[in-house]
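Let's go through a structure together, one feature at a time. Have a look at it before the talk starts.

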Amino acid sequence: MPYTTEQIGPIDVRPFTTSTRQRCAMVLIQHSDAPPHGESPVTVIAPCAWQDGRQRTLEMLAGGVDLRDIRFAQVRRSYEGDGAAAWEGRPLRSAIEMLWWTTDDDDRASKLGLTTRAYASQLLTARARRRTA
């Protein structure tokens with residue numbers, strides 16, 4: 001079933017230019033309801049710095065998005081143009097490779113007896129408290 005806008009959050013896509021430092025696009029795999037259950041990627045953030053990717057990964061996990069559906073693509077240094085198209089033709093890699101979610105996160109969640117979704121929510125709450133403190 002495709003993810004809802006509440007689960008994904010705001011879609012922020014900007015163009016890549018020669019001065020864009022972060023050459024990464026965050027991509028969410030949307031699964032269709034009808035057979036053959038194709039996968040149609042939806043760019044969520046592009047360009048995407050590591051900190052933005054970590055934050056958005058936590059937000060989407062807390063919203064119920066499956067970690068396996070959060071991907072990224074390295075964008076060629078020479079690419080300039082639409083951020084929504086920047087990932088096309090590039091291999092999609094898992095959020096784990098970008099360290100937006102790690103095995104340490106899984107281990108901590110497990111030790112606390114929490115699901116990935118609950119642990120991501122807890123991390124977001126802790127971050128929000130630190131910002132307001």
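Predicted model: local features only at pLDDT ≥ 70, side-chain atom pairs only at ≥ 80, totals over all residues.

Q: How do I read the packing of H2 and H4: at what angle do their axes cross?
A: Two packed helices are described by the angle between their axes and the distance between the axes. Here helix H2 (residues 50-62) and helix H4 (residues 116-132) cross at roughly 125 degrees, and their axes come within 7 Å. Helices (H or I, at least four residues) and strands (E, at least two) are DSSP runs, numbered from the N terminus. Axes are lines fitted to C-alpha atoms, for helices over the stretch in contact, with angles from 0 to 180 degrees between N-to-C directions. H2 and H4 are therefore oblique to each other; under 35 degrees counts as roughly parallel, over 145 as roughly antiparallel, 65 to 115 as roughly perpendicular, and the rest as oblique.

Q: Which residues of H2 and H4 meet?
A: Contact means heavy atoms within 4.5 Å. On the H2 side they include Arg 54, Leu 58 and Leu 61, and on the H4 side they include Ala 120, Leu 124 and Arg 127.

Q: What about H3 and H4: at what angle do they pack?
A: Helix H3 (103-111) packs with H4 at an angle of about 100 degrees, with their axes 9 Å apart. That makes H3 roughly perpendicular to H4. Asp 105, Asp 106, Arg 108 and Ala 109 of H3 make the contact with Thr 116, Tyr 119 and Leu 123 of H4.

Q: Which peptide bond is cis, and where is the residue with a positive phi?
A: Most residues other than glycine have a negative phi, and most peptide bonds are trans. In this model a cis peptide bond joins Ala 46 and Pro 47, with omega about -15 degrees. Pro 47 sits in the loop between strand S3 (39-46) and H2. Leu 99 isn't a glycine, yet has a positive phi of about 65 degrees; look for Leu 99 in the loop between strand S5 (93-94) and H3.

Q: How many residues are in the largest nonpolar core?
A: In soluble globular proteins, nonpolar side chains tend to be buried together. A nonpolar core is a set of buried Ala, Val, Leu, Ile, Met, Phe, Trp, Tyr and Cys residues joined through side-chain atoms within 4.5 Å. The largest one has 25 residues, and Met 26, Leu 28, Met 60, Ile 70, Trp 100 and Trp 101 touch the most other members. A second, separate core of eight residues includes Ala 25, Val 27, Ala 46 and Ala 73. Back at Ile 70, its contacts beyond four places in sequence include Met 26, Leu 28 and Met 60.

Q: Is Arg 23 buried or exposed?
A: Buried means under 20% relative accessible area, exposed over 50%, partly exposed in between (1.4 Å probe, protein chains only). Arg 23 is buried, at 6%, in the loop between strand S1 (12-13) and S2. Not counting residues up to four places away in sequence, Arg 23 touches residues including Phe 16, Gln 74 and Tyr 79.

Q: And Gly 83: buried or exposed?
A: Gly 83 counts as buried, at 0% relative accessibility. Gly 83 lies in the loop between S4 and S5, and its contacts beyond four places in sequence include Val 13, Phe 16 and Ala 46.

Terms used. Residues numbered from 1 in each chain as written. Heavy atoms only, no water.
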